[in-house]
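Please read them with the structure open.

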Amino acid sequence: MNTTKNVALKILQNGIETFKMIGSSAALPEQVLAKKSFLTRKRGAIGVVRSKEDLQTPAGVKGYVVTSLETLLEDILGLSHWTPNVYNYLGYSDDERKHLKGHEERNLQQINTFVVDIDTKKQPYTEILTAALDHSVGIPTMILETPKGFQVYFVLEKPLFISNQHDYRGLKVAKRISENIKRSLAKVLQGVDLSCNDFGFFRVPKPDNIRWFSEEMLFSLGSLIAWSKRQDDDQGRGLFVIETKQPMLDPTQSEWFQALMATRHVKGSSGQIGRDNLMFTLALACYSAGKGLQETLNLLDEYNTALSVPLRHSEVQKIVRSAYKGKFKGAHQTYIRELLDEWLPGQDIAISNYVGGWWKFKKERKDRVRSHYTEWEEDLLLYIQAETSVAQPIKWTTQKELCEAVGIPRSTFNELIRNSKKVLIKRTGKGRSAQTGLTSVAVLLQCALAFNQTHRATYYKAVALLQTTVENRLALRELEDQLEMLTPQPNALLNGKKFNSS
């Protein structure tokens, strides 16, 4: 329970009261001290449910409101899901006080964490760790195992407090960061749910489902914004969605809408954007076009009937009613593109949509005028990952061949190596016989995490060779720090030895 308490404390970040207002089992001096410590900050509430089925009942989410850490820890073993991000207030939609209301994004008090839902166990959690380190924002704070996959938590150093200033700009920034984290992991991992609610209900951390937790792995909002901007730059879009004042187009007359309406093979499966998402997107397009709810229901009911694997009529009704609640102005091009790529792959279909403007495609590297060192580092890491393995963690080649393979100028390569905390290098020989050995922190972590005696010996051999090179000091220090967090018993792995990376 101490582990669970530490996890809850770290994630909730004093967003709710420490002790119950009435009936607390804590000593009075403790209660008084807790209240004095946080007089200047407002306390909010989180929602909890006892089973996954309670998240989708005909009357809404069946659960209850929790306003203190004490209550959460008392009940936690009997809970399945919670809202790790704190709301200003939560209430009940019925007189029996069984169904929650108020769990909407604009009612968020503070964002404590970004969570990625992975709907498969085809890759172990250790692979998620190295993928996050190598291709995303860094090693996550926590990974929970779920019945069908994993949920990955990236916890902020300090919460992002949400206000209605500038049309909830802070919330928009947070949603963009969340989207970019999911997309970065989806490039290298299977089953990443891109359509998962950014700040909704997620699995409750318990001793039996926590596969990885590190109190040190926290993320500053500033660094996440900077990272997200780099991702947006690659996709040709800005951090904020700027709505234009151009005349609104009728999305139901667009090419993408007609193309999706013509699909008949769409279905739903784990980790796939399917029927529900497609019909919700079509319903939002109808809503933004000013069509009536009944007209849209008739249209989608006809579409659903024509599907090879249709939904129940009650599900179609629920989708249309949800789209017409007014929470969204219309279908967003991000999800339109996901649907087109999934169900109409290879077809060149334009997305003209007034919500968010035109979709812009990423330019090829050769077409870019300017490339950042971060982009070159990502290319180099991809090359290393492809050319190495746990059994052969170092790629040996010549510097000329390496630079040609990656497409990086030699001067840029040398500058990158001097400053990188993720790439390690070893040079041997001179002239024509010179060889360059290359690996990464992520590859060596994969060796260390294998816990296999043969792989462990290979890992020690690689580290012993690489630690003699001055350029590797940043990366080896980073590797040492990560190993201390990644390994449950670091002395068993490292035999009590520290790396000498100087």
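1. An open sheet of three strands, paired antiparallel, has the order β12-β14-β13. Its edge strands, each pairing on one side only, are β12 (395-397) and β13 (423-428). From one strand to the next the twist averages 20°. Strands and helices here are DSSP runs numbered from the N terminus (strands E, at least two residues; helices H or I, at least four), and two strands pair if DSSP finds at least two bridges between them.

2. This is a predicted model, in which local features need pLDDT of at least 70 and side-chain atom pairs count only at pLDDT 80 or more, while totals for chains, interfaces and linings use all residues. Residues are numbered from 1 along each chain as its sequence is written, and side-chain values use heavy atoms, with hydrogens and water left out.

3. Strands β12 and β14 (residues 435-440) run antiparallel and are joined by three bridges. Trp396 has Gly437 in β14 as its bridge partner. Helix α14 (residues 410-419) packs on the sheet and touches β13 and β14, its direction making about 115° with that of β13. Contact means heavy atoms within 4.5 Å; axes are lines fitted to C-alpha atoms, for helices over the stretch in contact, and angles run from 0 to 180 degrees between N-to-C directions.

4. The largest nonpolar core has 79 residues, and Leu72 and Phe154 have the most contacts inside it. Strand β9 (residues 149-161) gives the most to this core, seven residues. Phe154 touches, among others, Phe114, Val137, Ile181, Leu185 and Phe219, residues up to four places away in sequence not being counted. Another core, of 32 residues, lies apart from it and includes Met261, Leu300, Tyr303 and Leu340. A nonpolar core is a set of buried Ala, Val, Leu, Ile, Met, Phe, Trp, Tyr and Cys residues joined through side-chain atoms within 4.5 Å; buried means under 20% relative accessible area, exposed over 50%, partly exposed in between (1.4 Å probe, protein chains only).

5. Strand β8 (residues 142-146) is mostly covered, with four of its five residues buried. A hairpin through two residues joins β8 to β9, and five bridges link these antiparallel strands. Glu145 has Phe150 in β9 as its bridge partner. Strand β8 also runs antiparallel to β11 (residues 210-213), with three bridges; there, Met142 is partnered with Phe213.

6. Asn6 is found in helix α1 (residues 2-12). Is Asn6 buried or partly exposed? Asn6 counts as partly exposed because its relative accessibility is 36%. Asn6 touches Phe213 and Glu215, not counting residues up to four places away in sequence. The C-alpha atoms of Asn6 and Phe213 are separated by 9.9 Å, and the two residues are 207 residues apart along the chain.
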